[in-house]
Amino acid sequence: MTIAGFAAFMGISVLSLLGLSTPASAEADCKALVAPSPFGPDDQTGATNRVTPVVTKAAAAEIQTGVVTSMAYDLVDGIPLFGTRFSKTILTSFAVVPGAEYGNNKLSYMEDTYLSQSHVGTHIDGMGHIGVQDCYYNQTPMGKYVTQNYLKRLGLENIKTFATRGVIIDAVKVFQAAGKLKANPACKSPCLDAGTLITEVDLQAGLKMYNVTLREGDAVFINTGWGDLFKQYPAQNTAYNSGEPGITDTAAKWLASQKVIAVGADTWAVEVIPGENKDIAFPVHKTLLTDNGIHIIENVRTDLISVAAASSNRATFFLSMTVPKAVGTTGTFVNIEAIQ
Amino acid sequence: MQRRSFLAGLLACGLGPAKAAEARRFRIALANLDETPGVTLEGLGFTGAELRRSFELAARTLPVDMLYFDNAGDGARAVANAEAAIAAKVDLLIEYNADADANAEIARRLAVAGIPALALVDPLPGAPLYGPDNRAAGRITGHALGAFALENWPNEQVLGVLIGDLADPGPAISDRVQGITEGVRESLPALKFAALDTGGQSVRADALLAKFLQTQRGQRLLIATLNDLAAVYARNAIEMNRRQSDCVIVSQGLDRNIHGGASEKKEIDPNNRGSVVLGSVAYYMDRYGYDVLPLALRLLAGETLPPRTVTQHSLVTAANVFREYPPFDMN
């Protein structure tokens, strides 16, 4: 067999065998594939540009009772992870061994090593997570900026702040009120089933329930009830990962038009899976992250804040979430708290 | 104005089903062939549950409310299900039933009730038919094998091998085999075929091919498997006998036995381009709903459908599998 024949058989090109660039790896026309950033051609930050001092100050007014509600799951062995993803810790504790303490005061210490992928548990997707071909947020040709260890553009270190107002939309209540809740039998509490489309009309209905109008700089969280399966880990991990209820691409575009900075949900992708169009992969990710610089926050624990909203009749809160300045990374697990 | 004429007018004005939905939603019933766990459809690896799920998913964005029935592979039950659909006053019945006598009775009862129907795979008298083009799918397989041989083994003697439930009396298998032989002989007119009959047990492909390989040392083999599970077992035999350099497989179906998500590492995978399984011809039975429900809406809008609409089969390889079936096991 000739090299060309062998290469064709192997599905690779002779050019790539010779270490040359191939048409497949050539830069795409990013201006045709991705929308420009409204924050300028050099922007790497995305929608958190919208969190101005005025926005943060206004959000602080949400703190009325001081009650803090957790919106993150424990990061622990056994939670749903996809395929080869993993999250492990190694505990260094030798200084606890008798005789290994430090000084006359016998100081001991322990610390951990994380062996973890970043998109696990309650986590945020950064601008470097999703693109079309090699085109990412703000028409960035990422092929130029990828190294073996990190991104040279669009890393999480570019995020400004999430000190803003959070809004919870309880899609379970919306669907119950509309009499269209189709639950998954594996859920122990009401949940929307996998594949359920959450439209912009549903989102607007959820906002209306609590008389909330979205404003620029808000972070929106959606309670689908699907997180019930996450909480049952590991028993329902397969069911949890098999699909999910979520927002449609049209709903994502509507949220983008409201100039929100992040969209989170108690699901692993925020968007409906399987998607509306069988031929399109993760359209909401593209709309929010790639085209609008809006962060996606996945596996958010939304049940507690939904209960709190129902009891207080208030679906807004001050969002407490910080993201490590982990240079060149595409995402990270986070802790989130809602302060009311 | 008659409702169907009105809807046909809307469609003629370029208003699709979504606009028509503002006027009316339709009740459509699917009477599925067999949803018994473990039962697969048409000699391929698809299940009744997968077929039904495709209708559930496709219906989400269409002006339809679905009712589902399981014929359980039983003609009498199919007739009873059709009667239940009629009693439920559905606007249209999509019938998937292999029993010709039962289908004749179903067609008669639907006609009396004035309910239109669409048939899946097996004909229902008077109803437009949607289903696979087995011969065309086979021909795609044959073309792929022939092209591979010309590209990689020019001027070498090659032998064709057919592996599958070759004794199946239904027309689907014989049509696929006919298509395969026709397709490959367009480029290799003198190619001869050996037949390895699994008797409906795909697992036997492993032992059958392993034994055959022992008798064909050094022979280049173009292998057509009639379903994907057989392809997986045949690949195993090839690897165990270290015959990767002179065997290639093209399969039929593209079911979940042979392709999957980003983390599943199935045989047809972008990261497995060196596989002896060159590809599989897609039958898309797990996507029927996306093709059939728009046809149903056209029928309900008063349009006359062609008597037969066929799946647009294509060869899916490591190079295009994630485009054909975007994986969603990443986030």
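Helices here (H or I, at least four residues) and strands (E, at least two) are DSSP runs, numbered from the N terminus. You're looking at a predicted model, so local features need pLDDT of at least 70 and side-chain atom pairs count only at pLDDT 80 or more, while totals for chains, interfaces and linings use all residues. Residues are numbered from 1 along each chain as its sequence is written, with chains lettered from A and ligands numbered from 1 in the order in which they are written.

**Stop 1: a proline loop in chain A.** Select A:Pro234, in the loop between helix H7 (227-231) and helix H8 (237-241). Its peptide bond from A:Tyr233 is cis, with omega near -5°. Now jump to A:Pro274, in the loop between S11 and H10 of chain A. There, a cis bond joins A:Ile273 and A:Pro274, with omega about -5°. For background, most peptide bonds are trans, and most residues other than glycine have a negative phi.

**Stop 2: helix H10 of chain A.** Select residues 283-292: nine of the ten are buried, so the helix is largely enclosed by the rest of the structure. Buried means 20 or more other C-beta atoms within 10 Å of a residue's own, exposed means 12 or fewer, and partly exposed is in between, with C-beta atoms placed from the backbone. Among the buried ones are A:His285, A:Lys286 and A:Asp291. Show what they pack against, including helix H9 (249-257) and strand S12 (295-298) of chain A. Just after H10, A:Gly293 takes a positive phi of about 65°.

**Stop 3: positive phi without glycine.** A:Lys259 is partly exposed, with 16 other C-beta atoms within 10 Å. Next comes A:Asn313, in the loop between helix H11 (303-312) and strand S13 (316-320) of chain A. Phi of A:Asn313 is near 55°, and A:Asn313 is exposed, with 9 other C-beta atoms within 10 Å.

**Stop 4: the core in chain B.** A nonpolar core is a set of buried Ala, Val, Leu, Ile, Met, Phe, Trp, Tyr and Cys residues joined through C-beta atoms within 7 Å. Which residues have the most contacts inside the largest one? Select B:Ile94, B:Ile163 and B:Ala234; that core has 99 residues. Helix H9 (residues 228-240) of chain B gives the most to this core, with eight residues. Apart from it lies another core, of 78 residues, including A:Val51 and A:Ile336.

Notes. Two residues are in contact if their C-beta atoms, placed from the backbone, lie within 7 Å.
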